[in-house]
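User: Hi! Could you walk me through the charged pairs and a pocket in this structure?
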Amino acid sequence: MVACAADGLEPEAALRFDHGGRTFVIARSPEGGYFAIDGHCSHEKVHLADGIVDGHIIECPKHFGAFDYRTGEARALPACIDLRTYEVKVEGDAVFVKI
Amino acid sequence: MVIIGAGPAGTSAAIALREGGWRGLIVLIGNENMLPYERPPVSKAILIEETDPGPKLLVTPERLAELRIDYFQGRNVQSIDRAANTVTLSDGAQLAYERLLLTTGARPRILSIPVAAASRMATLRTYVDALAIRRIISRRCEVVIIGGGFIGLEVAASAVARGASVTVLEAGPRLLTRAVPAPMAELIKAKHERSGVRIETGATVERIDATEGRSKVVLADGRTCLADLVVVGVGAVPNVELAQAAGLAVDNGIVLDKTLATSDPDIFAAGDCCSFPHRLYGERIRLEAWRNAQRQGAAAAANILGANRPYDDVPWFWSDQYDQTLQIAGLCREEDVRVSRDLGANGQLFFYLCGDGRLVGACGFGSLSAIAKEIRMAEMIIGRRLAPTPEALKDPALNIKHLLV
């Protein structure tokens, strides 16, 4: 699935991507790499794309649960359940996510 | 280790103590007959949802067992004996402590006006309070809310969503006087009015009578409103009586030093019940906020374990009103210079700069996606004591993240 244009996302930022009734977040690391994880925080249904990206961490905008978007690992309470990660490939100027 | 109060401050402290290496017993005492739970949904999801979603637990019983935290539920503490280092419960049981943490929270302030015994009144703090309100607003009825603060407005939003007819009576000249700037209070008021809530400011309630099974709210100007339920949301008072009776210093909350110790080095406190000096504001503050309770509890735990770190988290608060959200970072004080950033239909941000140019407060109202990142960045700017220019803060085209460097 094409999630976004490669130049549509600056480093240390994230955006929302919806597909087939599911929602994901595409995050770009400070080094420029692209990553994809489930869009909703595992604590409550709040979209992580509305939160900030700080280094390799994406943070819930409401309760400050945090995840390493490279591994999906929950890194700060109240989030304690890891999120699923999805394979990402950049081809040409498009970012593809394998769902 | 004895912890009195099992809200977010006490519970996060208990967990942090064990995870941080406290070897002895940890006793967490809660005065409600249930496991520790999250309070924010009490004025939101628990009132609004078609079926009661139930309390959202802060910790599972399995996790409590795993961490060897002894949870005493539905128990009240009678007194603290500082000379003997013991706590006596109201059923006579006695517990010895090496360190004591007070996370006793706050309770709803009650009205000091005549109220007929037969009138149906409610305040909102606990899950049980929410169930009582929920039972009434789940059918067509008239609800009068006294107090245009956050609790009153969240109940108003929930009740009107359930089909109730809702009136908010605020004694002051506008809503949310202590919490947000006037123009933002106007936006919030307009949102409520569009949703069907009647809002009256400058409305002082003189007394509440009962008539034919309903409550009659009598205003100072002689007008009356009938209600099936009157919800009083006129602020909260810190639960300091135990501390006071034990001879600890109290001044708008249990007085703490910057490491969250009370005037007795064996006793710490955290959450809504305490007041503490804050490096960013040069004064003592007391907060009534979910995130502060959680983080301050964990910080007190770290200091009990010997970290000796001043607690200086930037205050942060949020409230949901319909599909809009309000977030506040730092303190928005009238005496500071206010700068606004207009996000058009998406919302509005306000920033507060103090005399030396530092950003000390920021608040936003709008969709979560429009304001959350900006307020979070503002929080980081506040914490780092930076002084962005008013021009940069005003400009909606400028990413606040760029002001961090």
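Analyst: Happy to; we can start with salt bridges and then turn to a pocket. One thing to keep in mind is that this is a predicted model.

User: Which residue does B:E32 meet in a salt bridge?
Analyst: The partner of B:E32 is B:R39, with 3.2 Å from N to O.

User: And is B:E32 buried or exposed?
Analyst: B:E32 is buried, because its relative accessible area is 16% and the cut-off for buried is under 20%. B:R39 has 23% relative accessibility, so B:R39 counts as partly exposed.

User: What about B:D266, which side chain does that one meet?
Analyst: B:D266 forms a salt bridge with B:R99, at 3.4 Å from N to O. B:D266 sits in the loop between β18 and β19 of chain B, while B:R99 sits in the loop between β6 and β7 of chain B, so the pair ties together parts that are 167 residues apart in sequence. Both are partly exposed: B:D266 has a relative accessible area of 23%, and B:R99 has 25%.

User: Nice. Where in the chain are B:D272 and B:R125?
Analyst: Those two form a salt bridge as well, with their closest N and O atoms 3.2 Å apart. B:D272 is in the loop between β19 and β20 of chain B, and B:R125 is in the loop between β9 and α4 of chain B. This pair links distant parts of the chain, 147 residues apart. B:D272 counts as buried at 10% relative accessibility, whereas B:R125 is partly exposed at 23%.

User: Which residues are linked with A:E59 in a network of salt bridges?
Analyst: A:E59 is linked with B:R291, B:R376 and B:E379 in that network.

User: Switching topic: what volume does the second largest pocket have?
Analyst: Its volume is about 710 Å³. The pocket is lined by 27 residues, and the closest to its centre are A:L77, A:P78, A:C80, B:I15 and B:L58.

User: Which elements give two or more residues to that lining?
Analyst: Those are α1 and α8 of chain B. The largest share, six residues, comes from α1(B).

User: Last one: how many nonpolar, polar and charged residues are in the lining of the second largest pocket?
Analyst: That lining has 14 nonpolar, seven polar and six charged residues.

Conventions: Residues numbered from 1 in each chain as written. Chains lettered and ligands numbered in written order. Predicted model: local features only at pLDDT ≥ 70, side-chain atom pairs only at ≥ 80, totals over all residues. Heavy atoms only, no water. Salt bridge = Lys/Arg side-chain N within 4 Å of Asp/Glu carboxyl O. Buried < 20%, exposed > 50% of the residue type's maximum accessible area, 1.4 Å probe, protein only. Helix = DSSP H or I, 4+ residues; strand = E, 2+ residues; numbered from the N terminus. 1 Å grid on protein atoms, 1.4 Å probe; cavity = no way out; pocket = protein on both sides within 12 Å on 5 of 7 lines; lining within 4 Å. Points joined across faces, edges and corners; volume = space filled by probe spheres on them. Nonpolar A, V, L, I, M, F, W, Y, C, P; charged D, E, K, R; others polar.
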